[in-house]
Amino acid sequence: MILLNPVQHNRPYSDDESREIMLKTIEFFEKKGKQKLKEDDRNRVWYEDFLEFINENEIFYKLLTPEKYGEKGCRWDTWRNCEFNEILAFYGLHYWYTWQVSILGLGPIWMGNNEAQKKRAARLLKEGNVFAFGLSERNHGADVYSTEMSLTPLPDGTYRANGEKYYIGNGNVAEMVSTFGKMADSGEYVFFTANYSHKNYELVKNVVNSQSYVADFILHDYPVSEEEILSSGQDAWNSALNTVNVGKYNLGWASIGIATHAFYEALNHATNRILYGMKVTDFPHVKQMFVDAYTRLTAMKLFALRASDYMRAASPEDRRYLLYNPTVKMKVTTQGEEVINLLWDVIAAKGFERDTYFEMAARDIRGLPKLEGTVHVNIALIVKFMANYFFNPQDYEPVGTQDRPQNDDFLFDQGPARGLGKIRFHDYSAAFNLYELSNLRIFKEQIALLKEFLAAATPDADQQKDTDFLLSLGEMFTLVVYGQLILENAKIYKVEEAMVDQIFDFMIRDFSKFALNLFSKSSTSDTQMEYLKKMIKKPAVDSDRFNYVWKDHVLALKDVYEMNP
Ligand SMILES: Cc1cc2nc3c(=O)[nH]c(=O)nc-3n(C[C@H](O)[C@H](O)[C@H](O)COP(=O)(O)OP(=O)(O)OC[C@H]3O[C@@H](n4cnc5c(N)ncnc54)[C@H](O)[C@@H]3O)c2cc1C
């Protein structure tokens, strides 16, 4: 089974320490228990106990310090960080969030060339500190170009920082808040560190109603020395974008963790409920919803795992991760919402109860598509790759599972965040030919029609400027990329053919839905509408396959996991 089951932890690691970190973390939460977990959530209790546990076991130190700056056992290893992400969100998004914003805060530090600050960060990690990433501002959202935080040079060679940052996680406790701003004189971008405890750092408030602290803070003539500058100019800009490249990938894992826990809880509830003298899980629509939820969840995990392989294998010559990464960000996280929607329709009232994990899941799953770049921002990025993906493939050495215990150096040396339209991909059709399955055949017809649509009914100049049109088209393209990596990994993980075929059942339905959506746009031409109509297809009906997945995959998970009360 590919889903996380904390009581039967079986993920392979080539070193004992990594496995121990995961097991200890699971143990921490299971010991804490569901009641206390929920009580802390309801009362918005700052997670001191968790931070203490992290400190005692030096967990962030080991997982987030690059090999070069830490002691033995320290490395930034995406293989193990994926699972750590998943485990934290499995128990609660707040716990994941403090880890996630630490990752973001550390990005500009490890990416910069300020060695003294790197050593300081490693020391602070060893001492159990968390970090913060001060990029966002209240009035500018995704428009980072408009950053107002400014750094004024003084005659003595130091600077004064002035400005406000908004939505900054851990901004209440971080000794190193990596803060993005502009030089007051030259307008050049700059990253510097600020300390929450300095008297010129005004912590205004927590802008959210939650256990996490998402700070609004103001720097008033905050003194910054040259030693606290992490990077400037183009390097600072690249650090901002490249940090988000690393960080936003984790949001997919948070979605997977949340949806997995919610899945177990929903299944345990529904399989034990009798209505009108029959089991709730005997209703055909309930079976359909569970099979859809399970196949979507499995697909999310297969894709995110495969994307990690490409991230770890990346180099200046292989930047394919720049497509797979935003796909994890927008697709896996929106699929997480879909899984929760399906499960919630089954468990209905139960999903509101204060003592369920589900009640938190239903709230928290919504955040992941919206943070660190919205779905729209990421699709706008994804469509830049479409032409090369379909029409200009290139040979690459095959990329296997990247599970070796190695520091991911390239992630902190990604180079300029530009030239996306030049990145080329391996031929996607190879993955779609890995299996001979009825739903895959239909999905391939949909892809062929999409490719023909792009070549023969190419969106005109106005449509290419119309983000509403492009976003719908981008959803269809994203499904092809999603399908490709799912298939590559299904082979690697030896997923049963029935499961793969059932995954493509929802993929065909989703593709049809997006085709209908694009068909309905005001600017779609008659020729385009003809193609789009042809893309609307029905999955192959196979009740044996469906029942097999339902019984052997979904029902088999009944009572397999329940959190310790
Ligand atoms: C709980 C929480 C925690 C956060 N933590 C941090 C943190 O620690 N550090 C930090 O720096 N930030 C943090 N953020 C900020 C977060 O990353 C931003 O909220 C997010 O990037 C989206 O910005 P926005 O919500 O202001 O939307 P806006 O940027 O205002 O977007 C408005 C609309 O315009 C669309 N849009 C904008 N630009 C484009 C584009 N180029 N193409 C297509 N559509 C576009 C958007 O999709 C959206 O629909 C946090 C936010 C929250 C709520």
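**A walk through the predicted structure**

Leaving aside residues up to four places away in sequence, tyrosine 213 touches Trp46, Tyr47, Tyr97, Ile168, Gly169, Asn170, Gly171, Asn172, Leu203, Lys205 and Asn206. Before we go on, please keep in mind that this is a predicted model. Is tyrosine 213 buried or exposed? Its relative accessible area is 18%, and buried means under 20%, so tyrosine 213 counts as buried. For a sense of scale, look for aspartate 552, which is 339 residues away from tyrosine 213 along the chain. The C-alpha atoms of tyrosine 213 and aspartate 552 are separated by 43 Å.

In soluble globular proteins, nonpolar side chains tend to be buried together. The largest nonpolar core here has 182 residues, and Phe50 and Phe290 are the ones that touch the most other members. Which helix gives the most to this core? That is helix α7 (residues 234-271), which supplies 18 residues. Going back to phenylalanine 50, you can trace its contacts with Phe28, Phe29, Phe60, Leu88, Tyr95 and Thr98, if neighbours within four places in sequence are left aside.

Helix α7 also has a partner to look at. The axes of α7 and α9 (321-347) come within 8 Å, and they cross at roughly 20°. Angles under 35 degrees count as roughly parallel, so that is how α7 lies relative to α9. The crossing of these two helices, α7 and α9, is left-handed.

Next, find helix α12 (residues 375-382). Its buried residues are Val375, Asn378, Ile379 and Ile382. What do the buried residues of α12 pack against? Their partners are α7, α9, α11 (367-370), α13 (386-391) and α17 (467-492).

Another pair of helices is α8 (residues 284-312) and α20 (residues 543-554). Their axes are 10 Å apart, and the two helices pack at an angle of about 70°. With that angle, α8 and α20 are therefore roughly perpendicular to each other. Their crossing is left-handed. On the α8 side, the contact is made by Lys287, Gln288, Phe290, Val291, Tyr294 and Thr295. On the α20 side, Phe546, Val549, Trp550, His553 and Val554 take part.

Finally, here are two residues with backbone angles to look up. Most residues other than glycine have a negative phi. What is phi of alanine 348? The value is near 45°, which is positive even though the residue is not glycine. Alanine 348 lies in the loop between α9 and α10 (358-364), and at 40% relative accessibility it counts as partly exposed. Aspartate 559, in the segment after α20, also has a positive phi, near 60°. Aspartate 559 is partly exposed, with a relative accessible area of 46%.

Note on methods: Residues numbered from 1 in each chain as written. Predicted model: local features only at pLDDT ≥ 70, side-chain atom pairs only at ≥ 80, totals over all residues. Heavy atoms only, no water. Core = buried A, V, L, I, M, F, W, Y, C linked by side-chain atoms within 4.5 Å. Buried < 20%, exposed > 50% of the residue type's maximum accessible area, 1.4 Å probe, protein only. Helix = DSSP H or I, 4+ residues; strand = E, 2+ residues; numbered from the N terminus. Contact = heavy atoms within 4.5 Å. Axes fitted to C-alpha atoms, helices over the stretch in contact; angles between N-to-C directions. Parallel < 35°, antiparallel > 145°, perpendicular 65-115°, else oblique. Left-handed = near helix turned anticlockwise from the far one by under 90°.
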